[in-house]
Amino acid sequence: MQQHRAIKARFPDAILLFRVGDFYETFGEDAIVASKVLGITLTKRNNGAAASAELAGFPHHALDTYLHKLVKAGHRVAVCDQLEDPKTVKGIVKRGVTEMVTPGVATNDKLLEGGSNNFLAGFHADGGRVGLAFLDISTGEFFVTEGDADYADRLLQSLRPAEVVFRKDLQRSFKETFGDRFYTYPLDAWIFEEQYARESLARHFETRGLKGFGIDDMPLAIISAGAVLHYLRETEHPHLGHLVSIQRIAPDGHLWMDKFTIRNLELLGSNVEGGHHLLATLNNTVSPMGARLLRRWTVMPLKDKASIDRRLDLVEYLVRDTDVRKTFREAIASCGDIERLVSKLPARKINPREVLQLCAGLGAVGRVREAKLGAGGDPYLAELCAGLDPSPALRDRITRALVDHPSVQLGKGPVIREGVDAALDDLRGIAGAGKEYLLRLQQQESEATGISSLKVSFNNVFGYYLEVTNAHKGKVPPTWIRKQTLTGAERYITPELKEYEEKIMGAEEKILALETRLYDELLEHLQGFIAPLQRNGHLLAILDVLAGFAENALRYHYKKPEVHEGTELDIREGRHPVMERHLPPGESYIANDLLLDPTTQQVIILTGPNMSGKSALLRQTALITLMAHLGSFVPATAARVPLTDKIFTRVGASDNLSGGESTFMVEMNETASILNNLTARSLVLLDEIGRGTATYDGISIAWSIVEYLQRHPGRPKTFFATHYHELNELEERLEGVRNFHITHKEVGQKVIFLRKLAPGGSTHSFGIHVAKMAGMPPSLLERAEELLAEMEGKHLGTPVDMPGRKNGTPQLQLSIFDAHSETFAEIRRVLNAVDINNLTPVEALLKLSEIKNLLK
Ligand SMILES: Nc1ncnc2c1ncn2[C@@H]1O[C@H](COP(=O)(O)OP(=O)(O)OP(=O)(O)O)[C@@H](O)[C@H]1O
């Protein structure tokens, strides 16, 4: 208990799993938590004079399962092992923490998801700038970047680190800026010294400085990366040979989407629901490496034409060349998770079967590299294939060393192949012969004594023994020594049996020692191949994603988009990639053409009944643009997509927003961030902005937003879906603003959605119709119809007094500006009649009083 106390004192905020013999035990507070989380029994232990302590434990072989549960439940866990062999030590064995497991530094397969990275993030902020580092210890990927808080927020939201570490005093501001959905751990201030970070990174990568990684000018990113490395050491992760490089994420290197857009477009889905989202729709990868890469690509689309075209051309090639595509997919599927397997090498936590899996991976790499490319080939594909390294020598070394089907654990079956080591083969001969001898001995003794049921067996207490059932007890010769009495049988040993036992056991012990040594040598040899193996994994991941894109293109009739340097977005027969796959049976998705360009059609005002498909059309426009920037074909018959630097979407008054602000405030904040960040290459999608407040307010805001966008020097392409038909007025007033609506047909009382986009605005909303579909009480619906008719009647033909309106055309809809129109008309009449040049101050006061009276 003293030893436990001393170790626990070093890891006060972790649950300490304390190895005692075959068990991991927890004591005191830890035991209370562990028993709750793990559902194991809580007992009390009274060690003589020592005070009683709570105790809960589980067998050591169940560590993986229980560790997983504790970490998933949000606990930090310190695994404390016996560092000496209890057999060779007198007194208390030395113990120490061999691994600290937290959500961000998990390496255990049970804690990881194949399809997503498990990032540990380092965060640092100074003077309005923020540095971030993302490290996945289970794959060896290490990224750093620097930017402002908005940028950091977006990255945190899209890469979703499992844990974030930062300087203690930044805890509050981190929570305030980024919310409290992250698992965080504060560290001491001294760890965030730039010099310390530079030194520890340079020492780790064995370089003189950080220039080679292109991150030398990013002090905050360096500090964050240094903190991440420090945290790994602090949590007992000394084996980091697989972190061979650090990559810079260029802040302006990707198509920018704010976090609202990532959420609104349902790119990744939420962790909880799963559900339908773009990533799931695009993911046709056959390996976890590919799935992880696609996830990163999805939140970081390219914005440089050459790189996009490279991917698109390769996808096109793979669409054409079915043989190569099939070969790739089969080979990559057989690889397993190369990146995660390689990451187990430095700590030598890789088991013999996994080493064979790596070897099979090399075979697959060879098949991909050797695939016969069709006519013309593809330059990018040739480049990727040239980078693959099938390392035939390494493959050969592994196949020569390991048996075809090794056991997972050494000592539980053969691992090293026959012929590798003569001494090992001899020992196996002895052990094998010994076992055969025992069988013969059983037969001989059985014949000599006439005990037909005689059996030679083994247990851990007294080794090999002869077992005789009670019926034959009398026939046992006096030379046999009785060792144990059971209810139905007796167990004996003989000198001869013990002699052979020694030979067998001795041989088996030596076999284990030899196999362990040979296996270690193999692992040592493998350490030299970490970088090329990782590179293979990464290149196969790229091919996996692109071959998946090609497969999607064929299966779902996607077409190659033309990504161009101009500004015109022209989509022919576009579809919503996610929705079209989840329609009710019998329904098919209605495709639509769409054109946006800065001169003739910069802003589209889209109206249409509820449920007609406005949001779907808006989102599909964004998704098609985004997919093109990923290098994927798109759900359309043709698409000319301009290089886009930012996609903004904002959905009015959406729910599930938290943070204490009113939803309208959130909506306005988000819209403001859009309006302040626009360029000529931005695509703006606004869905019912302004609906979160009183109608007049809402329309006024929506109206002025459109004006602002139209006057913006960049003339950003904008698609604005709204129920405010008043906005249709803008078409007449502002150049480049066009009205469209989504068509429907009324048949009797019913509305049939045709879902085709057509020029011109629409006049009413069908809200009541939707309410009816939703099952509102009939009396309520009747009353709503009545009110609607009344209101429409009242305003029918009322001239609308819009600012700057050219003529007072009659308007069918209730308008904001006509509320007090009669009074205002009168006031205007009075004012127009005044001749200011000939007005005395007293007359002016009287006029003012007259006007005031009009308002009463
Ligand atoms: N082009 C289409 N083809 C087939 N079904 C469609 C299409 N567009 C939309 N839908 C279906 O109609 C439903 C409603 O679409 P959407 O949410 O886009 O309507 P909306 O006009 O934005 O409605 P509201 O104004 O009430 O928000 C979708 O969930 C989808 O099932």
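**View 1. Antiparallel pairing of strands β7 and β8 in a predicted model.** Strand β7 (residues 120–126) and strand β8 (residues 129–136) run antiparallel and are joined by 7 bridges; helices (H or I, at least four residues) and strands (E, at least two) are DSSP runs, numbered from the N terminus, and two strands pair if DSSP finds at least two bridges between them. Opposite D126 stands R129 of β8. Helix α7 (residues 219–234) packs on the sheet, where it touches β7, β8, β9 (141–147), β10 (163–167) and β11, and its direction makes about 35° with that of β8. Contact requires C-beta atoms, placed from the backbone, to lie within 7 Å. Axes are lines fitted to C-alpha atoms, for helices over the stretch in contact, and angles run from 0 to 180 degrees between N-to-C directions. Residues are numbered from 1 along each chain as its sequence is written. The model is predicted: local features need pLDDT of at least 70, side-chain atom pairs count only at pLDDT 80 or more, and totals for chains, interfaces and linings use all residues.

**View 2. The open sheet of 6 strands.** The strand order is β11-β10-β7-β8-β9-β12, with mixed pairing. At the edges stand β11 (184–187) and β12 (247–248), each of which pairs on one side only.

View 3. Mixed pairing gives the order β13-β23-β24-β25-β21-β26-β27. Because β13 (256–257) and β27 (750–759) each have a single partner strand, one side of each is left without a neighbour in the sheet. Strands β24 (residues 682–687) and β25 (residues 717–721) pair in the parallel sense over 5 bridges, and D687 has A721 of β25 as its bridge partner. Helix α20 (residues 614–630) lies across β21 (603–607), β23 (646–651), β24, β25, β26 (737–747) and β27, at about 160° to β24. Helix α22 (residues 695–711) lies across β21, β24, β25 and β26, at about 155° to β21.

View 4. Residues with a C-beta atom, placed from the backbone, within 6 Å of the molecule count as near it. Those around the ligand include Y589, N610, K614, S615 and R755. Helix α20 gives the most to this shell, with 3 residues.

**View 5. Crossing of helices α10 and α19.** The axes of α10 (residues 288–299) and α19 (residues 530–556) come within 8 Å and cross at roughly 75°. The two helices are therefore roughly perpendicular, a term covering angles of 65 to 115 degrees. In α10, M289, G290, L293, L294 and W297 meet G537, L540, A541, I542, D544, V545 and G548 of α19.

How values were computed:
Two residues are in contact if their C-beta atoms, placed from the backbone, lie within 7 Å. Angles under 35 degrees count as roughly parallel, over 145 as roughly antiparallel, 65 to 115 as roughly perpendicular and the rest as oblique.
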